[in-house]
Amino acid sequence: MRLPEPYRIKVVEPIRLLPREEREKRLEAAGLNVFALKAEDVFIDLLTDSGTNAMSDNQWSGIMIGDESYAGSRSFYHLEAAVKEVFEYNYVVPTHQGRGAENTLFSILIKPGQYVMGNMHFDTTEAHIRLKKGIPINLVVDDAFDTSKYHPFKGNVDLGKLERFIAEKKPENIAFMLITITCNSAGGQPVSMENIREVSRICRKNNIPVYIDAARFAENAYFIKAREKDYADKTIAEIVKEMFSYADGFTMSAKKDALVNIGGMIGIKDDESLYNRAREVNITYEGFPTYGGLAGRDLEAVARGLKEVLDVDYLRARIGQVEYLGKLLSDAGIPIQTPVGGHAVFVDAGKFLPHIEAEEFPGEALAVELYLESGVRAVEVGTCMMGRDAEGKNIIAPMELLRLTIPRRVYTDNHMGYVAKSLIDIYGKRETVRGLKFTYEPPILRHFLARFERV
Ligand code: F0G
């Protein structure tokens, strides 16, 4: 049996399920786009695990003693101490969230025309690389794209692809390597220690710096402990230190594994001149280097969250809950990304709705149906999100996914059971689900503001 969560609930927030006719009206008014729904019209919100965490009593008490000084805040020094302790990095530059860290660091590191290699970049990461006139390159293992195939580390970089890419493009044309742990775009899939070590060895041999996108660093460490030879007896804290020893720095959205609602940072191992540059650039966009777009209380909550998340019992319950939802679905024959990732179950909407072609957005169609069926909100990760190429053609996604993203410490297994039952009911009548077409299509990041009708 799975051990229950190592915490109990002290504060609750009511949620409500609207009647079906109401849900139909609200979704119609939202142009069949779940992003346009009011949150209060949603029963269980699985749009994202970002900033949706429940904080602990320890973090809330930190909020009360946050130091709101503009310069030299005590809470900043608490964050700096936490980063030294958890990652063994000397320097930290706080930012308002992950994309702020990307903006600052990439402005310094990318020269126009340079490549930025990664396993699979997140969409804001990719956007910031392009804004700095860099070229994002994804080198993840091919198994990541086969949702039915088991691979313990589907977020791994394909080392053959990496070596060939460096040989072909030459190290001087490559700004840096960014390893995203866990790899969100591949389905929250982990990267093994062996892979991080080897990627680092290959890059260092070629004088290419290595960075980590650390949004879900603790969940990645848990998978290493659970699945990788030689790590079962190591603590999460030890595994985290080793992972980060192979990199030169990191960007982090603290809204995931720092267990807070807002925040981000750049971590730098020991390059003092890079740290000074990052502090300078950060002032223009994020603020003075000891607050970086955050309130002192936010810094305090992040500092505490970074340490709290290392609790193996918490991580086991957290990832166990995601696995539990995945198992309810796969036992009922519903196609999902296998194995499930750390923060979400990714339903293979392309296989779930084989009669809907990519350009009629099976992931969006399933999101619409799921909300109508149950008031549950999930998010498409597929062709709608990909947008169009230079010729105006839809970029067909490698997989049509519906992401059921689980906020940390927020929902119970009963909520998961309800979500699974709703999807299983839809699966029983899947041939009645219809594809979607645009009635309004924004030119960029279209999935957020688009409006649809049924085909
Ligand atoms: N990197 C990864 C791997 C992410 O998943 C995200 C955000 C970011 C960077 C950007 O961080 O939102 O704090 O600016 N992911 C959220 C999601 C939005 O829903 O997956 P941010």
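The sections below go from the domains to individual strands, helices and loop residues.

## Basis of the description

This is a predicted model, in which local features need pLDDT of at least 70 and side-chain atom pairs count only at pLDDT 80 or more, while totals for chains, interfaces and linings use all residues. Residues are numbered from 1 along each chain as its sequence is written, and side-chain values use heavy atoms, with hydrogens and water left out.

## Domains

The domain assignment gives domain 1 (20-49 + 311-454) and domain 2 (57-308), with bounds that come from an automatic or database domain assignment. Taken over C-alpha atoms, the centres of domain 1 and domain 2 are separated by 27 Å. Across the boundary, 27 residues of domain 1 are in contact (heavy atoms within 4.5 Å) with 30 residues of domain 2.

## The sheet of β9, β12 and β11

Helices (H or I, at least four residues) and strands (E, at least two) are DSSP runs, numbered from the N terminus, and two strands pair if DSSP finds at least two bridges between them. On that basis, an open sheet of three strands has the order β9-β12-β11, with antiparallel pairing. The edges are formed by β9 (344-348) and β11 (379-381), each of which has a single partner strand, so one side of each is left without a neighbour in the sheet. From one strand to the next the twist averages 35 degrees.

Five bridges in the antiparallel sense pair β9 with strand β12 (residues 401-405), and within this pairing valine 347 has leucine 402 of β12 as its bridge partner. Helix α14 (residues 362-374) lies across β9, β11 and β12 and runs at about 45 degrees to β12; axes here are lines fitted to C-alpha atoms, for helices over the stretch in contact, and angles run from 0 to 180 degrees between N-to-C directions.

Strand β8 (residues 264-268) has five of its five residues buried, so it is largely enclosed by the rest of the structure; buried means under 20% relative accessible area, exposed over 50%, and partly exposed in between, with a 1.4 Å probe and protein chains only. Both faces of β8 are covered, with Gly264, Ile266 and Ile268 buried on one side and Met265 and Gly267 buried on the other.

Strand β2 (residues 91-95) runs antiparallel to β8 and is joined to it by five bridges, with isoleucine 266 in β8 as the bridge partner of valine 93. Strand β7 (residues 249-253) also pairs with β8 in the antiparallel sense over five bridges, and here methionine 252 stands opposite methionine 265 in β8.

Helix α10 (residues 272-285) has 14 residues, which at 1.5 Å a residue should span 20 Å, and its end C-alpha atoms are 21 Å apart, which agrees; the expected span is 1.5 Å times one less than the number of residues. The residues Leu274, Tyr275, Ala278, Val281 and Asn282 of α10 are buried. They cover an arc of only 135 degrees around the axis, which puts them on the same side of α10, the arc being that of the directions from the helix axis to the C-beta atoms. On the other side of α10, Ser273 and Thr284 are exposed. The cover over the buried residues of α10 includes α3 (74-87), β2, α4 (98-109), β6 (210-213) and β8.

Just after α10, glycine 287 takes a positive phi of about 125 degrees. Phenylalanine 288 is placed in the loop between α10 and α11 (296-308) and counts as partly exposed, at 29% relative accessibility. Not counting residues up to four places away in sequence, phenylalanine 288 touches Tyr70, Ala71, Gly72 and Ile283. Phenylalanine 288 and tyrosine 70 are 218 residues apart in sequence, while their C-alpha atoms are 7.4 Å apart in space.

Nine of the eleven residues of helix α8 (residues 217-227) are buried, so α8 is largely enclosed by the rest of the structure. Against these buried residues pack α3, α7 (193-205), α9 (236-245), β7, α11 and α12.

Glycine 342 lies in the loop between α12 (312-331) and β9 and is buried, with a relative accessible area of 0%. Its contacts, not counting residues up to four places away in sequence, are Gly188, Glu219, Phe223, Arg318, Ile319 and Val322; Glu219 and Phe223 are among the buried residues of α8.
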